[in-house]
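Here's a quick tour of a protein chain for you to follow on screen. Keep the 3D view open and pick out each part as we get to it.

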Amino acid sequence: MQQCPGQDNVYSSPGLASSEEHFRVFYAERNVWWLEVTCHGNPGHGSAFLANTAAEKLRRVINRFLEHRQQQQQRLASDPSLSAGDVTSINLTIMKGGVQYNVVPESFSAGFDIRIPPTESLEDFDKMLEEWRIEAGSDVTYTYHHKTNSTSEHITPTDDSNPWWIKFSRACQSTGITIRKEIFPAGTDGRQLRLLGLPVLGFSPINNTPILLHDHNEYLNEAVFLRGVSIYKQILRELGSP
């Protein structure tokens, strides 16, 4: 995290590579909700048609979550003006349950990684999740292992009302680069500062590079790296000027 001098501060958090010619700058980031859904039901022998099982309830839950995931995925694919940070992503990441093949277990649980834009009503999203829980049946519980609550109030302005944005965009113009403003699709420490009302811009001067974050064979071209150093120097010089 870098702090620029002056009476007021602006903070820089990591950005993401751009696979195209433009560079990406992030003025907000999606909320991170890690939700564990636990469903309880009747246990018994694996050969029986038992009623009210945990598996039936969990199936209803998973269907609801993945249906919403598909809707958001289609929304992103159909609107070229949107980026990943503008929609809600849901991924089923953990499943637990069962003791052996011929025993119907008393409980099953599933873990979901949910990323919600700060432009979306978190209250409405909470209500929707609660409706899904009730629809699934009795004895279904939610446990949050992580839950952030960034709203539109925590977005860093990217207009003339923010003097730091004026300096940042002017520095980018002077280096001849094109920037695209986005909501960060994952999470950084910058969200903690935005929650305090501090301006944070996420930026990594990397373009024409595949997005391989935490992926196999992540790399950075030497020429892109050296150009990025020059871009950073110009931005820091501009931000530090009177």
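Let's begin with Asn-208, which counts as partly exposed at 43% relative accessibility. Keep in mind that this is a predicted model.

**Loop residues to look up**

- You'll find Asn-208 in the loop that links strand E11 (200-203) to helix H5 (222-239).
- For background, most residues other than glycine have a negative phi.
- Asp-139 also has a positive phi, of about 60 degrees, and it isn't a glycine either.
- Look for Asp-139 in the loop between helix H2 (122-136) and E9.
- His-22 sits in a loop too, the one between strand E2 (11-13) and strand E3 (23-29).
- Is His-22 buried or exposed? With a relative accessible area of 15%, His-22 is buried, because the cut-off for buried is under 20%.
- Once you set aside neighbours within four places in sequence, His-22 is in contact with Thr-178, Arg-180 and Asn-207.

**Strand E4 and its partners**

- How many of the ten residues of strand E4 (residues 31-40) are buried? Eight of them are, so to speak, under cover, and the strand is mostly covered.
- E4 pairs with strand E8 (residues 107-116) in the antiparallel sense, over ten bridges.

**The whole chain**

- Zoom out and you can count five helices and eleven strands.
- The radius of gyration is 22 Å, well over the 18 Å that the globule rule gives for 242 residues, so the chain is more spread out than a compact globule.
- Along its principal axes, the C-alpha trace spans about 75 × 35 × 30 Å.
- Of the 242 residues, 42% count as buried.
- Take the contacts between residues at least 6 apart in sequence: 75% of them join residues at least 24 apart.
- The chain exposes about 13,400 Å², with carbon and sulfur atoms supplying 52% of that.
- As for charge, there are 22 positive and 28 negative ones, and their mean positions are 2 Å apart.

Key: Residues are numbered from 1 along each chain as its sequence is written. This is a predicted model: local features need pLDDT of at least 70, side-chain atom pairs count only at pLDDT 80 or more; totals for chains, interfaces and linings use all residues. Side-chain values use heavy atoms; hydrogens and water are left out. Helices (H or I, at least four residues) and strands (E, at least two) are DSSP runs, numbered from the N terminus. The radius of gyration is taken over C-alpha atoms; the globule rule is 2.2 Å times the number of residues to the power 0.38. Buried means under 20% relative accessible area, exposed over 50%, partly exposed in between (1.4 Å probe, protein chains only). Contact means heavy atoms within 4.5 Å. Accessible areas come from the Shrake-Rupley method with a 1.4 Å probe; for residues, only the protein chains shown count as cover. Lys and Arg count as positive and Asp and Glu as negative; His and the chain ends are not counted. The place of a charge is taken as NZ of Lys, CZ of Arg, CG of Asp or CD of Glu. Two strands pair if DSSP finds at least two bridges between them.
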